[in-house]
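Student: I've got a model open and want to see where its labels come from. Can we go through a few?

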Amino acid sequence: MVIQVMGRQMTVRETLVTQIEEKLHKFDKFFDPDTVAYVTCKTRKGVKIIEITVTYGGTVFRSEEENETFRTALDRAMETFERQIRKNKTRLQKRVRPEAFVSESEAEDDYEEEEAFRIRTKRFPFKPMAAEEAILQMNLLEHSFYAFTDAETGKPAVVYRRKDGDYGLIIQE
C-alpha cells in the first residue's frame with residue numbers, strides 16, 4: 001500500500017510519518033500494493049485529528065479520530081479502521097484481496113460481525129433546488145443529510161451536517 005501523509009495548515013514531523021506508515025502497513029494484506037492510503041493530520045482548537053481514507057475496489061474505507069496527541073488519535077483511528085474491516089468481513093471478502101481473511105487471528109474474535117442490513121425505504125421526489133435551500137429543508141426536517149437535484153446541473157446531490165458543525169455537499173461527477 002502506498003501511504004501519502006499530509007498536514008492541513010501544519011507540517012507533519014518525520015517521526016509521526018514513520019509511525020503512521022508502520023501502523024498502516026499492517027493492512028497491506030487487505031489491499032493491493034498500488035492502493036493509496038491518504039492520511040491527513042490537522043489541529044483544530046488544540047485537538048489533534050487524524051483522518052485515514054483508502055479507496056479500494058469501489059469501496060471507501062475511512063476513519064477519523066481526534067485526541068490530545070497525534071499518537072493516541074492514530075491508535076484510535078487504526079482501531080476504528082480495523083473494526084470496520086472485521087465487522088463487515090463477509091461483505092468485504094469480494095472487494096478486498098482474496099487471501100486477506102485466509103489466516104484468521106485470535107484478535108479477530110473480539111469483533112462481532114454485523115448482521116444483515118436492515119433497510120427502510122422512503123420515496124420522495126427530488127425537487128430541483130440550490131444547496132442553501134436543501135440545507136434549510138434538511139434543518140427543518142431535523143435530518144443529518146438531505147438528497148436533492150441540483151438546480152444548476154440537474155444532477156443528484158446530497159447536503160449533510162459535518163461533525164465540526166459545518167455543512168458538506170456531495171455532487172455527482
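Student: Where does Lys45 lie?

Tutor: Lys45 sits in the loop between β2 and β3; strands here are DSSP runs of E, at least two residues, and helices are runs of H or I, at least four residues, numbered from the N terminus. This is a predicted model, where local features need pLDDT of at least 70, side-chain atom pairs count only at pLDDT 80 or more, and totals for chains, interfaces and linings use all residues. Residues are numbered from 1 along each chain as its sequence is written, and side-chain values use heavy atoms, with hydrogens and water left out.

Student: Why does Lys45 count as exposed?

Tutor: Exposed means over 50% relative accessible area, buried under 20%, partly exposed in between (1.4 Å probe, protein chains only). Lys45 is at 82%, so exposed it is.

Student: Which residues of helix α1 are buried?

Tutor: In α1 (residues 14–24), they're Leu16, Val17, Ile20 and Leu24. They span an arc of only 100 degrees around the axis, so they're on the same side of α1; the arc is taken from the directions from the helix axis to the C-beta atoms.

Student: What's on the other side of α1?

Tutor: Glu14, Thr15 and Glu22, which are exposed there.
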